[in-house]
Amino acid sequence: MSSSRNGLEKAEVEKRLKFYGHNEIAQKKRISPLLKFLSYFKDPLVLILIVAAVISGITGENRGAIIIITMVLLSVILNFYQEHKSSKSALEIAKKLATKTTALRDGKLIEILAKDVVPGDIISLSAGDKVPADGRLIQADDFFVNESILTGESFPNKKSPEGDITNSIIYSGTNVVSGFARFLVVNTGSNTEYGQIAKTLATEEESSAFEIGIKSFGYLIIKAIVGVVLLVFLINAFYKKDIIESLIFSIAIAVGIAPELLPMILSVNMSKGSVRMAKKGVLVKRLNAIPDFGSMDILCTDKTGTLTEDRITVVKYVDVQGQQDEAVLRLAYINGTFETGIKSLLDKALLDFKKINIGNLKKIDEIPYDFTRKRSSIIYEENGNRVMSAKGAPEEIFKICTSYLDKNGATKITPALLKNFNQVYEDLSNQGYRVLAVAFKDVADKETTYHHTEESEMSLAGFIAFMDPPKQSAKETLIFMEKHGVEIKILTGDCALVTKKICEDLGLPIKGIISGDEIDINKMNDNSLAIKVANATILARLSPIQKERIIIALRKAGNVVGYLGDGINDAPSLKSADVGISVENAVEVAKETADIILMKKGLKELMDGVIEGRKSFGNTMKYLMMGLSSNFGNMFSMIGAAIYLPFFPMLPGQILVNNFLYDMSQVAIPLDKVDDEYLKKPKHWDIKFIKNFMLIFGPISSLFDFLTFYLLFAFFGLSSSAFQTGWFIESLATQTLVIYIIRTRKIPFLQSSPSKYLLFSTVAVITLGLILIQTFLGNVFGFTPLPWKIIFVIFGLVAIYLVLVEIVKQFFYKHLYKKTSL
């Protein structure tokens, strides 16, 4: 690999980066702003308009062609500017969340971005790290790697530079369970084993709740567009109007109906939300997770750091009779000292509690902790004797013990004695203490490594009790969560009794308790599990696989699930949840899998993010509901106009101008206020509700359009040009100003006011529309200035329309859709 023990030099790294590329499975090409701008012209709606402009030019309608091309350019510029500005904000946040690794370069260990690793690099790894590339070990100490991402086998494998060559190779995407190592990078990016598998399978990640909702909405809109456009085209063709003009007119209607600003509104909404969340210590990795955050109705989390202070201390170390015993503390201390896996909070508390002199003990081997055995064992030599010291979950330690330590030495454990020992453990747990059991035995000398099957016939020494006090500030947050419709479920590897005590101290209602053993013993399928879990608050002694199953079962039952985790074992659950949440000081594999990173672990910080998510969801829905009421209603009116009028109610170019001005008024929606009442419940997609909203409010808009048609055509007897001008301003005013009604369930302005940005954008657009039709600028688009008397009549109609929509809205929410989650 043309490397050295001192690693690569800086100049060589730059050469290799150019030759091999970045260490990414999918090499993302950097697109210049110009190419990004041009990519907007690939949008189907834009392509259809360009075709319409070409047809207009060929048939001699040069003015129409120029108007269409101008509107296309203005729309693309508007989209590009807003999304480019949003992406810059998102990029700044993404830089803070980039995965890092430790490399040896120029003889010094430095922290670099994982994507900058090149073949020939020497990488240093320790417990909790994610392996950034494929390579060969050159140094290792009790080094265990979880390769389940490649093999499906959850038990960690021991790796070493010596022996079988396959045992010295480590792979990208796997994670370090325990120990220390340095390895020489051989393959990066798509050339790694993981990269090859990813390219072959090309599997897509499961869609989140928000993405599924967007797809369903898209299908609804496509059906509506196709139906209305075909009907309008056929009616115009039937009445022997010009076929080409009818085609272009129908295309313009399609553009008017389609929510073409939706991608931009979504992008701006979510990027603005991510910036606001970042200020509150919540960093967003996947923007689509923001609305999912707002939709979240169940939060699954461990209790440490969320319900407790995350300040663990040793409070008791007792023998099997419950009496204080220094020998028990020493055995646990030796185990914690020599353990090379990730130091759990309990290990840290144990080592910080008291400095114990362990003399010249020599570590021989280690059987690292895993989430099936729930214990770790250290083999060490003292005064010529080899001893195995094990510590872990009491239930699991009991299984491997056949004797216990008393004054007379090792004594056989009878069922009655085991019951007594279990009672000592339960008494400690009922006091809110987290408990580890400690066991030991003498082992024979041997050359080979020790295996977990040798954890048997051990002597139970006693228990270590730890206190992690309840976080008193969590009380207020738990009440806040309950009021805002988020149910909390505690998924823990800890004992149910400890968790129950903490929940009781904080006033968290407990619906039920399930243990991991219950899930395994009863062999629950996903449906049974979902029912059982729905009626439980505490799920204790869970393995990582059980946690993941619970998340999946809750999602299948129709819930939007968030999962908060920071350990190696949390990665599968973080990936399976709608919203994976981790913390800044979590292990790399957890941070990389998560969608959202909290700078500080706590429920208050998390709920700040939930509220921002609901604001983003709410503002997105305002745009959709608006388009489905007035905008869709106006386009639906075209069907009636095609039958009733001897001319087009608006020219294609006028429809596009109308649509562009309307879009401009909506750019401020992401900055709008959201009612406090709206934020109190999780938000979910409800396509049936959206469809019914469209069928009720769309026709109201059409009713006033038909009334406008009658007044302009039959009552005032306007020419085709004047009629088109009148309907242009009426259509623009109704679909723009109706946002004040749609944006809130309250009475607009009296009970709920829009943001100053939305107020300015809507008033500015109506003013622009009036200037356009009443000045020489209107000639370009075929408008005719109207008498101010007619303008006042039109705005009188608009005012009546808005009042009627408000009345229907109040009836709609009070009697038809009182409980909708939108």
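Strands β4 (residues 134-146) and β7 (residues 175-187) pair in the antiparallel sense over ten bridges. Strands here are DSSP runs of E with at least two residues, and helices are runs of H or I with at least four, numbered from the N terminus; two strands pair if DSSP finds at least two bridges between them. The model is predicted: local features need pLDDT of at least 70, side-chain atom pairs count only at pLDDT 80 or more, and totals for chains, interfaces and linings use all residues. Residues are numbered from 1 along each chain as its sequence is written, and side-chain values use heavy atoms, with hydrogens and water left out.

**Partners of strand β4**
- Strand β6 (residues 169-170) runs antiparallel to β4 and is joined to β4 by two bridges; I169 in β6 is the bridge partner of R136.
- Strand β5 (residues 157-159) is also antiparallel to β4, with three bridges, and K158 in β5 is the bridge partner of F144.

- R555 lies in helix α19 (residues 544-556).
- R555 counts as buried because its relative accessibility is 17%, where buried means under 20% relative accessible area with a 1.4 Å probe, protein chains only.
- The side chains of R555 and D578 form a polar contact of 3.0 Å, that is, a pair of N or O atoms within 3.5 Å, one able to donate a hydrogen and the other to accept it; residues adjacent in sequence count only if both atoms are side-chain atoms.
- A530 is 25 residues from R555 in sequence, with a C-alpha to C-alpha separation of 8.7 Å.

Notes: Buried < 20%, exposed > 50% of the residue type's maximum accessible area, 1.4 Å probe, protein only.
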